[in-house]
Every structure is written in C-alpha cells, then in structure tokens.
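I opened this notebook to record what I looked up in the structure shown below. Each entry keeps to one topic.

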Amino acid sequence: MDLLHYTFFQHALLGSLLASIVCGMVGTYIVTRRLVFISGGITHASFGGIGLGLYAGISPIFSAALFSVLSAFGIEWLSKRRDMREDSAIAVFWTFGMALGIIFTFLSAGFAPDLSAFLFGNILTITRTDIGMLFLLAVILSLFFICFLKTILYIAFDREFARSRGLPVTLLEYVMMLFIALTIVACLRMVGIVLVISLLTVPQMTANLFTYSFKKIIWLSIGIGYIGCLGGLFISYYLNVPSGASIIFFSILIYGVCKLIKTLAG
C-alpha cells in the first residue's frame, strides 16, 4: 500500500500501537475499579493545563500533564475525605479545569491553531516527540505492571483485603492515578479531550464480553484497541473526517458486533 510509504502514516501506526498498550493496561484498572467518572474528570481538567501552556508560551502537552497529575491527586485526596463526596470532588476539578482552559486560551496572544486537535484529536499529526512520550510511558507501565500485578489485582478487586495484607494501598492508588493522568495526556493528540475516555473503556468493555480474567482483559483490550485505531485511521484518511471520532466510532462498532455475536452464541 502506498500509504505505508508516508512518514505521517507510519507515525500514526506506531502511535496507535503504543497508545493501545498503555490504554490496555490503565483502562483495565479503570474499568475494574469503576473509575470511569474520575478519569473523565481528569481528562476535562487537563484542558486547564493546555490553556495555561498556550498563555505562558510553553508546551501545552507538558502543562496539561502537570495539571492533570495535580488534578488526579486532588481528586484522590478530596474523595477520601469524609466531608466531600467523590462525585463532588470530580465536579470541582472537571469544571475548574475547563473554565481555566477557556479563560487562558482567550487571553493567549494570537490564535491557537492546535486547539481543535487537543479537543478532537488528529492521529495523522502526531510527532516523534508524541511517539517518544508514548513509548516511554508504555515501557514504564509494562515494568510497573509486571512487578506489581498481584498487588494491583488486590487493590482493583478488594481494597480492604489488600490493606489487611499490609500492602501500601494508598501509595499505589496515587501511583495509578499518576499513570491515568499521564496516559490521558499522552493520548490527547490521537483522540482529543472529548473522546479520550472512550479509548480507556470501550476496548476493555469488549474484552470483558469474553473473559473476566484481569490479565486476559489487558491483552485482549490491547489487540481490540489497536484494531479500533487502525479501522478509525483508515476511515479518517479515506473519508477526510476527524480521526479521533473515527477511532471511537470503529471501536464502538467492534463492541456492538461482539455483543451481538455473544448474545446469539449464548
């Protein structure tokens, strides 16, 4: 195929694979712990970091990463307090980040040409820097999951049992919140703020139709996520539509077909 000769398409293929790996691992934890709403809050809070980056003239991805991590830690800390409900803590950071992002974007000098890419994503524009960030995150996450998989399983399914075993539950929860925030930011250029949470949940939901094993869900969701990215990539290229929406559309299409097959087979 002639497409494979283009550098931007090669970057998109590699970026899709790496994103599928990090989302496969982190997304499985999110779905198992039922942290989808928290992840949505972190995703939208990251817009505040993008606005700050544009206003300050620094890399929006760097500022979004910093803002997302701080927001993730803030949500985790507030949700543990008895005087604050978890959904209220999420709403505070969700709305604060969006408001801050809008304010600083409008205060930024000149026009912000990349803003739509952050909101809706464009996998065909990812750079070597984006790929390098995804690769580094994939390596660190893989090593972390290999070393602490059993502990992660305990925390994901039964926090109190993990605590009774003397495991550092609180520390590992904060570490996982760190990884969730970084994964979200690393995938912003691919699918954007509006849709990134789907990349962390839809492949896992599809994998969960066929297995309840934590390890198998990780492997299956990586494969399903990559197929979704490839399908969305081709749809985006040939129909000239936004890649982020195309990836999520194709991923949900896969889920719908698998759900139908599972229903008919059952």
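**Entry 1: the largest pocket**

I looked up the largest pocket and noted a volume of about 220 Å³. The model is predicted, and local features need pLDDT of at least 70, side-chain atom pairs count only at pLDDT 80 or more, while totals for chains, interfaces and linings use all residues. Residues are numbered from 1 along each chain as its sequence is written, and side-chain values use heavy atoms, with hydrogens and water left out.

A pocket is an open set of points on a 1 Å grid over the protein atoms alone, where a 1.4 Å probe fits, with protein on both sides within 12 Å along at least five of seven lines; lining residues have an atom within 4 Å of a point. The volume is the space filled by probe spheres set on the points, which are joined across faces, edges and corners.

Which residues line the largest pocket? I listed Ile21, Met25, Ser142, Phe145, Ile146, Leu149, Lys215, Ile218, Trp219 and Ile222. Helices H1 (7–33), H6 (128–157) and H11 each supply at least two residues of this lining; helices are DSSP runs (H or I) of at least four residues, numbered from the N terminus.

**Entry 2: the nonpolar cores**

I then turned to the largest nonpolar core, which has 70 residues. Such a core is a set of buried Ala, Val, Leu, Ile, Met, Phe, Trp, Tyr and Cys residues joined through side-chain atoms within 4.5 Å. Ile42, Phe145 and Ile180 have the most contacts inside this core. Leaving aside neighbours within four places in sequence, Phe145 is in contact (heavy atoms within 4.5 Å) with Met25, Ile152, Met176, Phe214 and Ile218. Another core, of six residues, lies apart from the largest one and includes Ala207 and Ile254.

**Entry 3: helix H4**

I checked the span of H4 (residues 86–107): its 22 residues should reach 32 Å at 1.5 Å a residue, and its end C-alpha atoms are 32 Å apart, which agrees. The expected span is 1.5 Å times one less than the number of residues. Among the buried residues of H4 are Ala89, Phe93 and Phe104; buried means under 20% relative accessible area, exposed over 50%, and partly exposed in between (1.4 Å probe, protein chains only). Phe106 and Leu107 are exposed on the face turned away from the buried side.

**Entry 4: two single residues**

Is Thr43 buried or exposed? Thr43, in helix H2 (residues 36–56), is buried, because its relative accessible area is 1%. Gly223 lies in H11 (residues 214–239) and counts as partly exposed at 32% relative accessibility.
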